[in-house]
Amino acid sequence: MIAATAAILLAIPSTPAIHTLSNGATVCLYPEQNSKGYAAQVLVRSGSAYQSAETDGVHHLIEHLLFLPGNGEIQATAEANGSWMNGTTFREVSRFYVAGPASNWREGLNQLVKLIVSKGIPEDKLSIEKRVILEEIAIQDLDPDSAMDRELWSKAFGESPWALRTSGSSSGIERLSFEKVKTALNDHYTGENIVLVVTGSFDPAVALQIAEQLNDLPRGKRMSLPSFPDIEYGRTAATSPYDTERVGFGFFAPGIGSSNYSAVRIAIESIAGRYGTLADSQLVSRVFFGPSESGSLLTVSISGKKPAIEIEKEVMEMLRAAPTALTQERFRNAKAAVLANVRATQRLPSAIGFQLGLGVLFRDPHFGTKELERVDAVTQEEVVEALRLFSPENAVVLIWSKR
Amino acid sequence: MSGVLAAIAVAPQLITFGNGLPVIVDYDPDSPFVTLVSLSRCDDQSPDRLLALEIACRAIMRETQTFSTQRLQYLSWLVGGRVEAELAGDTVRIEITTAPSHFSLAATLLSELTQRASFSQEALAEASKDLQKDLERRELMPWYPSVREFRGDLGVGPRGPISMRTDVTRALWQHVVRPDRTAIAIVGGVPPSDVERRLTSSFGLWELDPAPGFRIPRGQFGPNPVRRHATVMASVEGPPVTSDRFAAWLVYCGAIGWGAGSKMHRMIRNELGWAYQTGSSLSIRHDKSHAIFHFTFVRAPSFGEREETLKEMLVAAEQSISETDVDRAKSLLIGQYLVGSGGPEGTVPFGQGHVAVWDRAFWLAWWQLRGGFERDSSFKEELANVAHEDVKREARLAAATIKSKAH
């Protein structure tokens, strides 16, 4: 059944067309004319890893401020066109997207391009939007999984920009001046740092014409992510700041790149199922790509009814045994689960578009579009190799106990 | 290409069994999937019954009167795809999506789950714990438990004792999940003739047994999660979905609380900077509809002024909602109706689009329970035809029903 489904789905997409505009901006067009919807997104080489202590939170603040001219007029106009528009700031990229019914793609794309090209950030809204972000940060602080994730980055990366919080710290946001915001905006929102991806049902020729408005941006200088510092591996125990006990693992796995990403996904899935069995626990995992294909970080947060220290012991034992414990059945189940996830993603123009955009940034334009095929081709031996990357000796471990 | 597709498209067909159970079949020969969804209306049930149904949905995959846990899980594994059961707002939803070649097995599983679920004491206890944990894990959506509780206060959402008994759950299930309160929709790569042939012997023989009497036990209420945030909420009432006024009321809700261009988002977040999260939540009941508009914050010391501001905004809405507000809300609702992808409250009406077979199956069954599946295709026109004056009228009527809460 899986193979048959894969064949049908793979018959639909064509190869994405990638254009480079005269100012260096990249435009990736991936039409799927049977789709009922469309999605357009702009990925910008910006995010918390590009910051310093002095500019902590600036890219998140820019993401918010860009939507504010005219009291949110661009978003409201997109909605008046039957689409919805939003943005997210990550460590390595800022993402702006618009999505809606296929018939409305042209106006939605126009609004998205306008959002980026106008670079309109209203100075008189700075203090109000800082308040909104401080509320966002306060809500994130209620969530133990998010807090554990931040702590793991902080433990692993120390003073490096990679340890900075994606939303910014409260004090960082409060300190930011409008001048710092303008400087970061002008440095990062330039042709060399922009990737526009359009997916779903649309006319590629017209989309390219609209995309050419991005040429109004200066070429600018391509921004580079900072190198990863040496990771500070090890185990730290602390009193839990939340009601529950919790264990976090941060795996720095230098061998992960787009070439073995599919095998890694299956490896993680096979581990994830085992965590649930062992610890009666909640598992949250995030995979992250580094500055090149040289490394990735997986952070995992586990809570359960057992004391954190027992969960840690069980997980460590399980991880050591994982490469040899991968039975054919477990491999098959994990692969089927990942395939189901990929299939679900491929029906959503916004999800496939985001993957395509990341692929362009990572020099792998087939990342996303070929994922079903790649996952289907992964062998059990490749997953065993991937499991070896998640060695307990390469983990940053954080234990939150109640006492 | 679209002309070719249009030429072979077949309108959904309705099969009605002798017991009154409607089955809508939307055959899509190109689909690699088929979705079977059973929706049973519970929009007239009390909060404690809704909670009991919510727990029952979480317990349903444990065993049936025919299959042990192991056999049921094996059957589910054989079916593949996805199997879901939930209290989806105003309905009990059971959905199976699989390959057309597995349709017969999926029909067997759906028949077992709807007609012969066991609800052992152990399964119910596990489901209660599971629900409690789930509510406690909504830290990134702190508004959710608050809105849920307010809905319970208003009598339109689940609230009640968290421990349920097998006999009571079975009786309640039999009272709600029965042929005359249920609609089944099957969308995807299985033709109507195959559907009818396969379902006649299972769903066609589903008997309209009278449900035994039951009473939800008084008991311990689930502990409220510890709150470190404040949520300000205001509810308004609206007409039932069968009313000619419903589309206008929905547009009114959209103008106030849906999207970044809504009046609430622009005022509470963009102008005042009070909250990061603003939103709205619907309850579609058999006699009337309800909307709760809400926003959440952590850093402010008190919420009295903020509650008043929200209420004042709703009172002033008749005058303040402009034609532009109405046009934006209509377009956004139509867009969401076509390609929406759901939200944090599960598969609920007017959060879902019509992209996937499971979305389409949900909507066909949902409308069938509200007068006929044909309205699914005409509802976009209803929204498009709403006039500014209609929305102002709904704003005026809604203002007379405002109830608010903050904590």
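Apart from neighbours within four places in sequence, Arg222(A) is in contact with Glu192(A) and Asn193(A). This is a predicted model. Arg222(A) lies in the loop that links helix H9 (204-211) to strand S7 (234-239) of chain A. Is Arg222(A) buried or exposed? Arg222(A) counts as exposed because 11 other C-beta atoms lie within 10 Å, and the cut-off for exposed is 12 or fewer.

Phe178(A) is 44 residues from Arg222(A) along the chain. Their C-alpha atoms are separated by 23 Å.

## An exposed arginine in chain B

Arg215(B) also sits in a loop. That loop runs between helix H8 (192-200) and strand S7 (230-238) of chain B. Arg215(B) has 9 other C-beta atoms within 10 Å, so this residue is exposed.

## Confidence

The model scores ipTM 0.88 and pTM 0.89. Chain A has an average pLDDT of 84, and 85% of the residues score at least 70. Over residues 1-13 of chain A the pLDDT is below 50, yet this stretch has 20 contacts in the model beyond near neighbours in sequence. Residues 277-281 of chain A also stay under 50. For them the model has 17 contacts beyond four places in sequence.

Chain B averages a pLDDT of 89, with 93% of the residues at 70 or above. Where is confidence lowest in chain B? Helix H1 (residues 2-8) of chain B holds that place, at a mean of 40. Helix H16 (residues 388-399) of chain B is highest, at 98. Residues 1-8 of chain B stay under 50, and the model has one contact for them beyond four places in sequence.

## Chain A and its domains

Chain A has 15 helices and 11 strands. Of the 403 residues in chain A, 51% are buried. Take the contacts in chain A between residues at least 6 apart in sequence: 82% of them join residues at least 24 apart.

The domain assignment divides chain A into domain 1 (14-216) and domain 2 (234-401). Between them, 30 residues of domain 1 are in contact with 28 residues of domain 2. On the domain 1 side, the elements that give two or more residues are strand S2 (26-31), strand S3 (37-44), strand S5 (94-101), H6 and strand S6 (194-200) of chain A. H6(A) supplies the largest share of that side, nine residues.

## Where the chains meet

The contact between the chains takes 37 residues from chain A and 36 residues from chain B. On the chain A side, helix H1 (2-11), helix H3 (69-80), S5, H5 and H6 each give two or more residues. Which element gives the most to this side? H5(A) does, with nine residues.

Helix H5 covers residues 126-141 of chain A, 16 residues in total. From first C-alpha to last, H5(A) reaches 22 Å, close to the 22 Å expected at 1.5 Å a residue. Its buried residues include Glu129(A), Arg131(A), Ile133(A), Leu134(A) and Ile137(A). The buried residues of H5(A) pack against elements of both chains. In chain A these are helix H2 (58-66), helix H6 (144-157) and helix H7 (170-175). In chain B they are helix H10 (263-271), strand S8 (277-284) and strand S9 (289-297).

## Nonpolar cores

How many residues does the largest nonpolar core have? The count is 110. Among the residues with the most contacts inside this core are Cys28(A), Ala40(A), Leu196(A), Val251(B) and Tyr252(B). Helix H9 (residues 246-257) of chain B gives the most to this core, with 10 residues. A second, separate core has 71 residues, including Leu39(B), Ile94(B), Ala99(B) and Trp358(B).

## A hairpin in chain B

Strand S4 (residues 82-88) and strand S5 (residues 91-98) of chain B run antiparallel, joined by seven bridges. Ala85(B) stands opposite Ile94(B) in S5(B). Ile94(B) also belongs to the second core. S4(B) and S5(B) form a hairpin with two residues between them. In the turn, Gly89(B) has a positive phi of about 65°.

Key:
Residues numbered from 1 in each chain as written. Chains lettered and ligands numbered in written order. Predicted model: local features only at pLDDT ≥ 70, side-chain atom pairs only at ≥ 80, totals over all residues. Core = buried A, V, L, I, M, F, W, Y, C linked by C-beta atoms within 7 Å. Buried ≥ 20, exposed ≤ 12 C-beta atoms within 10 Å, placed from the backbone. Helix = DSSP H or I, 4+ residues; strand = E, 2+ residues; numbered from the N terminus. pLDDT = per-residue confidence, 0-100. Contact = placed C-beta atoms within 7 Å. Pairing = 2+ DSSP bridges. Expected span 1.5 Å × (residues − 1). Domains from an automatic or database assignment.
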